[in-house]
Amino acid sequence: MHEQAAVQITGLSKSFGGIEVLRGVNLTVRKGEVVSVLGSSGSGKSTMLRCINWLEVPDQGRIEIAGQRIGVNDAGKAMGHRELAAIRARTAMVFQGFNLWPHLTVLQNVMEAPIRVKGVNRAVALEAANALLAKVGLADKAHVYPFTLSGGQKQRVAIARALAMNPEVILFDEPTSALDPERVGEVLQVMKNLSAEGYTMIVVTHEMEFARAVSDQVVFLEKGEIIEQSAPEKFFNNPETERVRKFLELSH
Amino acid sequence: MSEWEIIWQSRDLFIKGLGNTALLFVLSFSGAFVIGCMTNYFLERGLILRQVCRLYMSVMRMVPFLVLVYLIYYGLPQYGIRLDAWTAGAISLAVYHGAYFAEILRGSRLTLPTGQIESAKAHGFRPWPMYRHVILPQLLYRSRPLIGNQMIYALKDTSFLSIITVQELTAAANTVQSSYFIPTKAFVITIAFYIVLSVIMDLCLRRVGARGEQRGFEHA
């Protein structure tokens, strides 16, 4: 009996207005694994990630989060809001544009979903949120509003907000792409710490060094297909395809 | 006896009218606020609800307020629903301005970044908690100036209700001016009262504005 995957993607396809963005993608992410998803813009990386929590609805394919199928219920019908929300609550996402809730303080941003979604007791949520903010190095910012933070700080709050859900998997959608170069390091450091703590992460990124140092698997998407998937040493030192070789050359 | 003395001697009438106007406004505004928020929420739920809400918003914005008041006060009794003037007036105000509130919130909703919704969905929010805790507070902060404007309209529309015999401020002024024929001073004092109410309302809204500023909404 093999261990259940954190995320299992089978035959995932998606088109936008007749353009095939994903073409039969298969991917297994085991518990505790960090998977980096690389590829040029328009290769389908973000769409794949957004299908995992049903922010995009796939045309075909099956996605399971820790063994539970998302989007389609046991009766084979499209999930209602309630069912979909319940399974989404087992995942979390960190966005390129942070998407913190501006009307709430940093602390409230981290507490909000556990309280409103999971029904966690306020005192318990408060304690957890404070611990998470300390973990991302922002304990002193608990009571400020997001608009006063730098991009790197906002993204670290977003990571704390994601962690507060105790997710089976955290989906990172280009988490450092909107940051100025000096702020990238602080976010990547937090993500490295998470991987060391055993969080399951799928990271769509352009950060080659991060992918090389932290990933268990590197996946390369090209025109909606995974054309290469391997351990980082092999991927970066000895890629199988000409396409990846060229991509790596140009990225250095 | 000077005209101002007559006004002073009629102070009980004015104070009662002022109290009625304030109460009508607070109740009908609260009603309109709830109706507006709920209508805006239902615009995003299901096709039938959306159509019903759109119809309501369109119709209300095309009907003159006074005609709606007549319809509810004089029209409904024909169908066995007899409301006293005060209740009919308060309901008319709430229903009428609720549509405008819904429209203000709808406009604000259109420019809310989609990322706000996506991050709520991604963390497992169901539609109602998402609306209540993530969307609505932002819509209110973002549309504060328009809401303030609409509140002023709602306050001033209470004066129409004097026509259906609600004893509010304008009705009080009318009683005094027609009894003693001192129209100018009676209405000047009435205007002063409306201005005072508006200023109080404005001060309350400024507190909301300060909260918005603290959160980075006012200089977006």
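I looked up contacts in chain A between residues at least 6 apart in sequence: 66% join residues at least 24 apart. Two residues count as in contact if their C-beta atoms, placed from the backbone, lie within 7 Å.

I noted that this is a predicted model, where local features need pLDDT of at least 70, side-chain atom pairs count only at pLDDT 80 or more, and totals for chains, interfaces and linings use all residues. Residues are numbered from 1 along each chain as its sequence is written, while chains are lettered from A and ligands numbered from 1 in the order in which they are written.

Next I checked the secondary structure: chain A has nine helices and 10 strands. These are DSSP runs numbered from the N terminus (helices H or I, at least four residues; strands E, at least two). The radius of gyration of chain A is 18 Å, close to the 18 Å from the globule rule for 252 residues, so chain A is as compact as a globular protein of that length. That radius is taken over C-alpha atoms, and the rule is 2.2 Å times the number of residues to the power 0.38.

Then I turned to a sheet. Four strands of chain A form an open sheet in the order S2-S1-S4-S5, with antiparallel pairing. Strands pair if DSSP finds at least two bridges between them. S2 (19-29) and S5 (68-69) of chain A are at the edges with a single partner strand each, so one side of each has no neighbour in the sheet.

I followed S4 (residues 60-65) of chain A: two bridges join it to S5(A), antiparallel. Ile65(A) stands opposite Gln68(A) in S5(A).
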